[in-house]
Amino acid sequence: MAAEKMSLSKAINASLRTALESDPKVLIMGEDVGKLGGVFRVTDGLQKDFGEDRVIDTPLAESGIVGTAIGLALRGYRPVVEIQFDGFVFPAYDQIVTQLAKMHARSLGKVKLPVVVRIPYGGGIGAVEHHSESPEALFAHVAGLKVISPANASDAYWMLQQAIGSDDPVIYFEPKRRYHDKSEVDTAAIPGPLHAARVVRPGADLTLAAYGPMVKVALDAAAAAAEEGKSIEVVDLRSMSPIDFDTIQRSVERTGRLVVVHEAPVFLGTGSEIAARITERCFYHLQAPVLRVGGFHSPYPPSRLEDEYLPGLDRVLDAVDRALAY
């Protein structure tokens, strides 16, 4: 099959459809995922084609949704759970971190829980409170969970395929403000490793590392910097747990500088761990401190202020300039 240009949300829909077709044990569960097709229409048409026993509209009870998925996984199913919005995941946090993440270790490897928890996350859509959070670090901190986020339609398709096929629980963060961004998807391709970072733009002067919704901002910043003669390498991290430190290290050994960008608050964010590890690994290669760009350490603001809160082109380029000034 030739590659097809599709939006990120359509790629997720296509990936779910492929999984449902390929394995009768795959189930989709969540609030409004069936008849409505999800609030973002990501699961549109799946219940119609696969039935209410496999695409299940659940009550508004996130803890119950994840708890039920754990029980189904114990019985041999592969549930794909949708949390309708990022800020709604916290009633299920206990189930995720004390049961889903721990069962494999608790059973000394005898029990596997192949559950995928899909979470649309991040801001930029003008939403109300609890609809624009970036809680990925809270899950990456928990041993036993894989935490990933695609930045484009091709990764959205293939990373979800790999997540569903994994015997470990995966938290799959979907950058909701990129749902309508389109790119080529080859559904016959052979995907690379799920947790491998990828250099998406080569450069020589500085490394910009980002994931999910911020990859586009990083690429835009690199293009803007190029107009001023600065050569910026952009690394799409793709995975927040585990993190592919080797790819970042190789890039920083070439460029000597690193700026990490994410929507989540800078304080104790994913960038903090990356900055610490790369400083340890690349101390004698670094020509400047590792800098971080992200959200502020405050509750997510009302929608009319979110453009001031979200890290944009200017804040990223300011960090680039500061790093290059050393």
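User: Why is D32 called partly exposed in this predicted model?

Analyst: The relative accessible area of D32 is 34%. Buried requires a value under 20% and exposed a value over 50%, with partly exposed in between. D32 is therefore classed as partly exposed.

User: What makes Q84 buried or exposed?

Analyst: Q84 has a relative accessible area of 10%. The limit for buried is under 20%, so Q84 counts as buried. Q84 is found in the loop between strand 4 (78-82) and helix 4 (93-100).

User: How do you know that the side chains of Q84 and D32 form a polar contact?

Analyst: The contact between these side chains is 3.2 Å, and the cut-off for a pair of N or O atoms is within 3.5 Å. A polar atom of the Q84 side chain also lies 3.3 Å from the backbone oxygen of E31.

User: Which residues does Q84 touch, not counting residues up to four places away in sequence?

Analyst: Q84 touches E31, D32, V39, F40 and P120.

User: Why are helix 1 and helix 7 called roughly parallel?

Analyst: The axes of helix 1 (residues 8-22) and helix 7 (residues 153-165) cross at roughly 30° and come within 8 Å. Angles under 35 degrees count as roughly parallel; the two helices are therefore roughly parallel to each other. Helix 1 passes helix 7 in a right-handed crossing.

User: Which residues meet where helix 1 and helix 7 are in contact, and how do they divide by type?

Analyst: L8, A11, I12, A14, S15, L16, T18 and A19 in helix 1 meet A153, A156, Y157, L160, Q161 and I164 in helix 7. The residues of this contact comprise 11 nonpolar, three polar and no charged.

User: What makes L268 exposed?

Analyst: L268 has a relative accessible area of 65%. The threshold for exposed is over 50%, so L268 is classed as exposed. L268 lies in the loop between strand 13 (258-265) and helix 10 (270-281), and has a positive phi of about 55° although it is not a glycine.

User: What is the omega of the cis peptide bond that joins S241 and P242, and where is P242 placed?

Analyst: Omega of this cis bond between S241 and P242 is about -5°. Most peptide bonds are trans. P242 has its place in the loop between strand 12 (239-241) and helix 9 (245-255).

How values were computed: Residues numbered from 1 in each chain as written. Predicted model: local features only at pLDDT ≥ 70, side-chain atom pairs only at ≥ 80, totals over all residues. Heavy atoms only, no water. Helix = DSSP H or I, 4+ residues; strand = E, 2+ residues; numbered from the N terminus. Buried < 20%, exposed > 50% of the residue type's maximum accessible area, 1.4 Å probe, protein only. Polar contact = N/O pair within 3.5 Å; in protein donor to acceptor, adjacent residues only side chain to side chain. Contact = heavy atoms within 4.5 Å. Axes fitted to C-alpha atoms, helices over the stretch in contact; angles between N-to-C directions. Parallel < 35°, antiparallel > 145°, perpendicular 65-115°, else oblique. Left-handed = near helix turned anticlockwise from the far one by under 90°. Nonpolar A, V, L, I, M, F, W, Y, C, P; charged D, E, K, R; others polar.
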